[in-house]
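This report describes one protein chain, moving from the whole to a few selected parts. Keep the sequence and the model in view while reading.

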Amino acid sequence: MLPLVRGCRRAPTTGRRRLVRAVAICAIASAPAGAQEHRGAQEDARWTTIGRVFATTGEVEDGYYRINLPRTDLTVRIGDVTLAPGFELTSYVGFIPVGATRVRGVGEVVVRDDEVSAALAEAHRQGVRVTAVHNHLLGENPRIMYIHVMAEGVADSVAQHLRSV
């Protein structure tokens, strides 16, 4: 089990969104002084910049901006069942403001097993931290893996780096 950030309680395990929100809140709580001043901002110019980089719009909730990126190019089966992209085949990136101009971006990148090495190499080239590589499913074909990523800096730069992975 990963250690928790001091002062943050364990997130409820009843849903991925709650867990992601709890991680974002812990990241905000552990951010440097002044980083929390934009927490409630629903219309942050950084979100527009990030949306342009990903060529889509995201969702804002409690100052946390999230973009979902379903892997519609994949056809994944478990036995006779074909999985919908919304079921465990959606990458996401989430962002919180850090100070007046910076962001912290975290995400989970969905990759085929044969894409892991290239994705890890690209993360390294982009200066993106990889915090976990794991699976969610058993018996799927092709084998799917999940890479947790994190970066911090100016919004457009962070978005470009994370998008490249």
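## The chain as a whole

The model is predicted. Of the 165 residues of the protein chain, 39% count as buried. The chain exposes about 9,400 Å², and carbon and sulfur atoms supply 53% of that area.

The protein chain has four helices and nine strands. Along the sequence their order is α-α-β-β-β-β-β-β-α-β-β-β-α. Among contacts between residues at least 6 apart in sequence, 58% join residues at least 24 apart.

## Aromatic rings

A search of the whole structure finds two aromatic pairs. In one of them, the rings of Trp 47 and Tyr 65 have centres 5.2 Å apart and planes at 5°. Planes under 30 degrees apart count as stacked, so this pair is stacked. The pair links distant parts of the chain: Trp 47 belongs to helix H2 (residues 45–54) and Tyr 65 to strand E2 (residues 64–70), 18 residues apart.

Both partners are buried: Trp 47 has a relative accessible area of 4%, and Tyr 65 has one of 5%. The cut-off for buried is under 20%. Another ring, that of Tyr 92, has Arg 66 over its face, at 4.2 Å from the ring centre.

## The two sides of helix H3

Which residues of helix H3 (residues 116–126) are buried? They are Val 116, Ala 119, Glu 122, Ala 123 and Gln 126. These residues cover an arc of only 130° around the axis, which puts them on the same side of H3. An α-helix has 3.6 residues a turn, so residues three or four places apart point the same way.

On the other side of H3, Ser 117, Ala 118, His 124 and Arg 125 are exposed. The cover over the buried residues of H3 includes strand E6 (102–112), strand E7 (129–134), strand E9 (144–154) and helix H4 (155–164). After H3 comes Gly 127, which has a positive phi, near 75°.

## Ala 123 within the helix

Ala 123 has its place in helix H3. Is Ala 123 buried or exposed? Its relative accessible area is 0%, so Ala 123 is buried.

Leaving out residues up to four places away in sequence, Ala 123 touches Val 128, Val 130 and Val 165. The C-alpha atoms of Ala 123 and Val 149 are separated by 8.0 Å, while the two residues are 26 apart along the chain.

## Nonpolar cores

The largest nonpolar core has 24 residues, of which Ile 50, Phe 54, Phe 95 and Leu 162 touch the most other members. H2, E2, strand E5 (90–98), E6, H3, E9 and H4 each supply at least two residues of this core. Apart from it lies another core, of eight residues, including Leu 74, Val 76, Leu 89 and Ile 144.

Which residues does Leu 162 touch, not counting residues up to four places away in sequence? They are Phe 54, Val 93, Phe 95, Gly 105, Val 128, Val 149 and Ala 151.

Notes: Residues are numbered from 1 along each chain as its sequence is written. This is a predicted model: local features need pLDDT of at least 70, side-chain atom pairs count only at pLDDT 80 or more; totals for chains, interfaces and linings use all residues. Side-chain values use heavy atoms; hydrogens and water are left out. Buried means under 20% relative accessible area, exposed over 50%, partly exposed in between (1.4 Å probe, protein chains only). Contact means heavy atoms within 4.5 Å. Accessible areas come from the Shrake-Rupley method with a 1.4 Å probe; for residues, only the protein chains shown count as cover. Rings of Phe, Tyr and Trp (its six-membered ring) pair if their centres lie within 6.5 Å; planes under 30 degrees apart count as stacked, over 60 as edge-to-face and the rest as tilted. A charge sits over a ring if NZ of Lys or CZ of Arg is within 6 Å of the ring centre and within 35 degrees of the ring normal. The arc is that of the directions from the helix axis to the C-beta atoms. A nonpolar core is a set of buried Ala, Val, Leu, Ile, Met, Phe, Trp, Tyr and Cys residues joined through side-chain atoms within 4.5 Å.
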